[in-house]
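Here is a structure that may be new to you. Take a look at it before reading on.

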Amino acid sequence: MGKGGDANTLANLSRDQTKNLPKYTWAEIQKHRTPSDAWIVYHNKVYDVSNWHEHPGGAVVFTHAGDDATDIFAAFHAPGSQNMMKKFLIGDLIVESVEHKDDKQRDFERAYRDLRAKLVMMGMFKSNFWFYVYKQSFNLSMWASAMAMMYFSDNIVVHLAAALWMGLFFQQCGWLAHDFLHHQVYKYRRYGDYSGLFWGGVMQGFSAQWWKNKHNGHHAVPNLHNSTATAQDGDPDIDTMPVLAWSLKQAQSFRELRSDGKDSAFVKFMIRNQKIFYFPILLLARLSWLNESFKYAYGLGAASENAALERKTRGLQYPIIEKVAIALHYAWCFAFVSGFGRFSLAKSFGLFMLMTCSCGFFLAIVFGLGHNGMAVYDADARPDFWKLQVTTTRNIIGGHGLPQWFVDWFCGGLQYQVDHHLFPGIPRHNLKKTHALVESFCKEWGVKYHEADMYDGTIEVLQCLDRVAMEFVVDFVKDGPTM
């Protein structure tokens, strides 16, 4: 299939002529699940977006190939964006062929779309300019104080404290870049991109486009396993093999990569002990993200087929700015960890690892609490948009000695992870009000959402890792030794 099939011809049809467009069953639509053969449904209209690598949001468009993209489209796009889809229109969905939707399900979907419209009318999607002036000013004060501690002091304890403070600064930069690149702040998306390039690139060292490709895919398909090897409908954030497995299916997946169908000794060892290695792996998370960002920005490789395909076909949206931003990050970081030229190589490396690993832990503990240990689905058996986002996501509350105000600051809005996933365009300062409406809606429709404090949530994550490890051991014993 080509890009859009006969979409350009269809775009020129009159309104009366479009009434005679081909009609497709749900079974037919589900056959078109790969980037080179991608059909999506939007409000019961069928669109052929095959090979549309120029999609402004990147490869996320392929995460719903062969599926209904109505609600994820609304979550990511500004009003009027659907006009871009006209040239890809190829037909109509035969609504009666969607056997998994009864009248109750259709009523439920209408209800949560009405809730979204209500939130728009309430102004929940409008950002507070002064809130983000405050957040950016606070972050800059963190950076300046850490730099001053390293520059003016000769005390090793102060240097260690400065490195930890800088690690926390990196984490807070992550939340700011997250808000800007979700286009929560500015009306014009280019301004959000520029702010994301500063806070994510110059200050944090991450490639904005690498992050958007990975994060948008995660939002569209949280905790999903790919339906096929060639589909792009799996969540990149749970692609953590061979060191962590979030389901038995994922643990078994590495057998498929070996010609002898066996598990490697390393994979078996890591999965059996994954609850022990969980925290050490979190410490190394930022090193991995820095590596992937650098490779992506400078065209040296990509971590996934999804990212490699987008980098090859689309390139960088801001090729010069991306590279310059990351280069500036490493320049000021080198000055910082070297004590502005005063420290030995060994001490500089130690300070670099301290600030980098502490940031990895601060970021990843929040990410992990958001989704790890929650429901995991096969992409071709996913529930509707609302239930997918709610059942794969955990909110974080205060408890076990941590007050709610600290949780709110430390998590940067992602303590309302459920609400953020349902409405990613809502600025963080409006999520508390949004949560009250989401909670009421879930109770009305009998949908359970989950929340836990940071301690209990972490225990749940570790219990999940242990459960998967035990299932893997039983499966290994059942199939016999594979050494």
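What follows is a quick tour, grouped by topic.

This is a predicted model: local features need pLDDT of at least 70, side-chain atom pairs count only at pLDDT 80 or more, and totals for chains, interfaces and linings use all residues. Residues are numbered from 1 along each chain as its sequence is written, and side-chain values use heavy atoms, with hydrogens and water left out. Helices (H or I, at least four residues) and strands (E, at least two) are DSSP runs, numbered from the N terminus.

**The annotated domain**

- An unreviewed UniProt entry puts the feature "domain: Cytochrome b5 heme-binding" at residues 21–94. UniProt positions are given in the numbering used here, feature names are shortened, and annotations may be inferred rather than shown by experiment.
- In residues 21–94, the span is 15% helix and 28% strand, and its end C-alpha atoms lie 12 Å apart.

- Is β3 buried or exposed? In strand β3 (residues 37–42), 6 of the 6 residues are buried, so the strand is largely enclosed by the rest of the structure. Buried here means under 20% relative accessible area, exposed means over 50%, and partly exposed is in between (1.4 Å probe, protein chains only).
- Both faces of β3 are covered, with D37, W39 and V41 buried on one side and A38, I40 and Y42 buried on the other.
- Two strands count as paired if DSSP finds at least two bridges between them. Strand β2 (residues 33–34) runs antiparallel to β3, joined by 2 bridges, and R33 has A38 as its bridge partner.
- A hairpin through 2 residues links β2 to β3.
- Strand β4 (residues 45–48) is also antiparallel to β3, with 4 bridges; here I40 sits opposite Y47.
- The hairpin of β3 and β4 has 2 residues between the strands, and H43 in that hairpin takes a positive phi near 50°.
- With strand β5 (residues 67–68), β3 pairs in the parallel sense over 2 bridges, and I40 stands opposite D67 there.

**The cavity**

- How many cavities of 30 Å³ or more does a search of the whole structure find? The search turns up 1, and about 50 Å³ of space lies in the largest cavity.
- On a 1 Å grid over the protein atoms alone, a cavity is a set of points where a 1.4 Å probe fits but cannot get out, and lining residues have an atom within 4 Å of a point. Grid points are joined across faces, edges and corners, and a volume is the space filled by probe spheres set on the points.
- The lining of the largest cavity consists of L181, D193, L197, A208, Q209, K212, Q317, Y318 and E322. Elements giving two or more residues to this lining are α8 (189–202) and α9 (208–220), and the largest share, 3 residues, comes from α9.

**Residues in helices**

- A325 belongs to helix α15 (residues 319–337) and is buried, at 3% relative accessible area. Not counting residues up to four places away in sequence, A325 touches L197, G201 and V202, where contact means heavy atoms within 4.5 Å.
- N213 is in helix α9 and is buried too, with a relative accessible area of 7%. Leaving aside neighbours within four places in sequence, N213 is in contact with A59, N306, A307 and E310.
- S145, in helix α6 (residues 129–152), is partly exposed at 30% relative accessible area.
- Helix α18 (residues 404–411) has V407, W409, F410 and C411 as its buried residues. G412 follows α18 and has a positive phi, near 60°.

- Most residues other than glycine have a negative phi, and most peptide bonds are trans.
- M241 and P242 are joined by a cis peptide bond, with omega about 15°. P242 is in the loop between β7 (224–225) and α10 (248–252).
- N223 has a positive phi of about 55° although it is not a glycine. N223 is in the loop between α9 and β7, and is buried at 2% relative accessible area.
- H400, also not a glycine, has a positive phi near 55°. H400 is in the loop between β9 (394–397) and α18, and counts as exposed at 54% relative accessibility.

Note on methods
On a 1 Å grid over the protein atoms alone, a cavity is a set of points where a 1.4 Å probe fits but cannot get out, and a pocket is an open set with protein on both sides within 12 Å along at least five of seven lines; lining residues have an atom within 4 Å of a point.
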